[in-house]
Amino acid sequence: MKRNDYLSALIYYLQRRREDRGAVIAVRTKDICGVDRRCGWALYRLMMWLVSRGYAKRHKQGVYLIEKEALERVLVALREQI
């Protein structure tokens, strides 16, 4: 898989989780990648990029939090990366 495939998987994951309850979306890299280490590293870099822009917070290893009110901005930022 290429970087764009991992990016597409992250966008798809966020769009699915949009309907969940609560004010925060927890992004678990294990749910997206499983045991694929290359995917895990690509998602780590993408999520840390979002953290640096202030869109996400790192909760713990492999878990990032995104507030639902910022989700549209996150999706736009991710789509610009494609």
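Modeller: Helices here are DSSP runs of H or I with at least four residues, strands are E runs of at least two, and both are numbered from the N terminus. The model is predicted, so local features need pLDDT of at least 70 and side-chain atom pairs count only at pLDDT 80 or more, while totals for chains, interfaces and linings use all residues. Residue numbers start from 1 along each chain as its sequence is written, and side-chain values rest on heavy atoms, without hydrogens or water.

Take helix H3, residues 37–53. Trp41 and Tyr44 both sit in it. They are 3 residues apart, which puts about one helical turn between them. Searching the whole structure turns up 1 aromatic pair. It is formed by Trp41 and Tyr44, with ring centres 5.3 Å apart and planes at 25°, so it counts as stacked. The rule covers rings of Phe, Tyr and Trp (its six-membered ring): centres within 6.5 Å make a pair, planes under 30 degrees apart make it stacked, over 60 edge-to-face, and the rest tilted.

How exposed are the two partners? Trp41 has 52% relative accessibility and counts as exposed. Tyr44, at 32%, is partly exposed. Buried is under 20% relative accessible area, exposed is over 50%, and partly exposed lies in between (1.4 Å probe, protein chains only). Trp41 also has a distance to Thr29 on record here: 12 residues apart in sequence, and 9.3 Å from C-alpha to C-alpha.

Next comes Gly40, also in H3. Gly40 is partly exposed at 23%.

Cys33 and Cys39 form it, with sulfur atoms 2.0 Å apart; the cut-off is cysteine sulfurs within 2.5 Å. The whole structure has 1 disulfide. The link of Cys33 and Cys39 is left-handed, with -60° about the S-S bond. Cys33 is buried at 13%, and Cys39 is buried at 5%.

Now the space beside the helix. Gly40, Thr29, Lys30, Gln61 and Gly62 are the lining residues nearest the centre of the largest pocket, out of 13 in the lining. A pocket is an open set of points on a 1 Å grid over the protein atoms alone, where a 1.4 Å probe fits and protein lies on both sides within 12 Å along at least five of seven lines; lining residues have an atom within 4 Å of a point. The space in the largest pocket is about 290 Å³, a volume being what probe spheres set on the points fill, with points joined across faces, edges and corners. Helix H2 (29–33) and H3 each contribute at least two lining residues. By class, that lining has 4 nonpolar, 5 polar and 4 charged residues. Ala, Val, Leu, Ile, Met, Phe, Trp, Tyr, Cys and Pro are nonpolar, Asp, Glu, Lys and Arg charged, and the others, Gly among them, polar.

For context, the second largest pocket has a volume of about 150 Å³. Its lining includes Val24, Gly54, Tyr55, Ala56 and Lys57. Strand E3 (residues 63–67) gives the largest share of that lining, 3 residues. By class, its residues divide into 6 nonpolar, 1 polar and 4 charged.

Last, the salt bridges. The count is 2, where a side-chain nitrogen of Lys or Arg must lie within 4 Å of a carboxyl oxygen of Asp or Glu. Arg17 pairs with Asp20, their closest N and O atoms 2.5 Å apart. Arg17 is buried at 18%, and Asp20 is partly exposed at 34%. Glu72 and Arg18 make the other bridge, at 2.8 Å from N to O. Glu72 is in helix H4 (residues 71–81) and Arg18 in the loop between helix H1 (3–17) and strand E1 (24–28), so the pair ties together parts 54 residues apart in sequence. Both are partly exposed: Glu72 at 45%, Arg18 at 31%.
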